[in-house]
Amino acid sequence: MERYIEKLKAVLEPYEKVGIAFSGGVDSTLLLKAAAELLGRERVVAFTVKSPYIPEWEFKEAVELTKAIGVAHRLIGLEIPEAVRHNPEDRCYLCKRILFEKMIAVAKETGCQVLCDGTNFDDTKDYRPGLKALTELGVLSPLKEAGMTKAQIRELSSYYGLPTWDKPPYACLLTRIPYGVIVTEAMLCQIETAEGILMKHGFRGVRVRHHGTVARIEIAQEEMAKMMDFTLMKIIHDEIGQLGFEFVTLDMGGYQTGCYNHNQIHQA
């Protein structure tokens with residue numbers, strides 16, 4: 001653990017005050033906690049975006065986590081940008097560019113010399129179009145710079161006693177909608193509520209892909225056996241069906257990244 005901590009300290013220490021793009025996920029929570037411990041809480045500010053395509057439960061968790069860690073927290077409202085609403089294949093790049101430009105401007109107002117994000121070393125091995133925007137804008141990725149993998153981040157999170165150490169990966173709700181389909185707030189609300197239903201019934205790794213009148217459920221492979229209970233399946237079918245879907249289906253392949261991708265573009 002000490003080795004990881006020293007690497008992070010070397011990346012962060014040159015800055016008098018740092019901003020952390022904070023979603024409440026595994027990576028950004030570990031980064032926020034480490035920055036607060038290494039620099040002191042007064043030298044760290046968390047920035048969280050509140051948007052229709054960020055689940056409300058995730059936003060609330062981010063607020064609670066910053067309170068527990070004890071750092072200043074700035075909330076940034078963002079509606080769906082028109083370029084993103086049309087859901088092109090470079091949507092992730094466009095979204096990151098718009099979102100982080102706004103976050104950097106607010107971070108500068110608070111006296112931060114740099115804005116950091118939770119990109120880790122494993123992310124560099126995958127096709128992540130949003131990373132291009134971060135590079136262009138000069139966003140610092142301390143976990144990546146320290147060479148930390150997802151497994152090491154979870155290990156250090158456990159060391160710090162963070163509740164996110166075993167949190168499943170999540171992504172914005174836009175990733176549930178096929179490229180080229182114009183996004184509406186109503187669709188995002190359907191997806192968020194449907195995934196909330198699955199979580200209420202004890203499923204952790206979930207996605208509900210939106211295909212118009214069809215809701216296609218993906219759950220983690222290790223949770224598939226639980227879904228095979230017909231009584232539970234019928235309850236979930238009826239509850240999600242009430243959201244306006246004509247058909248509620250279960251993808252037998254389980255949760256998988258990149259299901260809407262073309263040319264090896266990955267999305268969560």
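In which sense do strand E1 and strand E2 pair, and over how many bridges? I worked from a predicted model throughout. I found that E1, residues 18-21, and E2, residues 44-50, pair in the parallel sense, with 4 bridges between them.

I recorded an open sheet of 4 strands in the order E3-E2-E1-E4, with parallel pairing. Its edge strands are E3 (72-77) and E4 (114-116), each of which pairs on one side only. From one strand to the next, I noted a twist that averages 30°.

I then turned to the helix on this sheet. Helix H2, residues 26-39, lies across E1, E2 and E4. I noted that H2 runs at about 165° to E1.

I found an open sheet of 3 strands, ordered E5-E6-E7, in which the pairing is mixed. E5 (206-211) and E7 (247-250) stand at its edges with a single partner strand each, so one side of each has no neighbour in the sheet. Direction ignored, neighbouring strands here are turned by 25° against each other on average.

Which helix packs on this sheet, and which strands does it touch? I identified helix H9, residues 185-200, touching E5 and E6. The direction of H9 makes about 145° with that of E5.

Last, I checked how E6 is joined to E7. Strand E6, residues 214-219, runs parallel to E7, and 4 bridges join the two. Here I noted Ile217 opposite Leu250 in E7.

Conventions. Residues numbered from 1 in each chain as written. Predicted model: local features only at pLDDT ≥ 70, side-chain atom pairs only at ≥ 80, totals over all residues. Heavy atoms only, no water. Pairing = 2+ DSSP bridges. Axes fitted to C-alpha atoms, helices over the stretch in contact; angles between N-to-C directions. Contact = heavy atoms within 4.5 Å.
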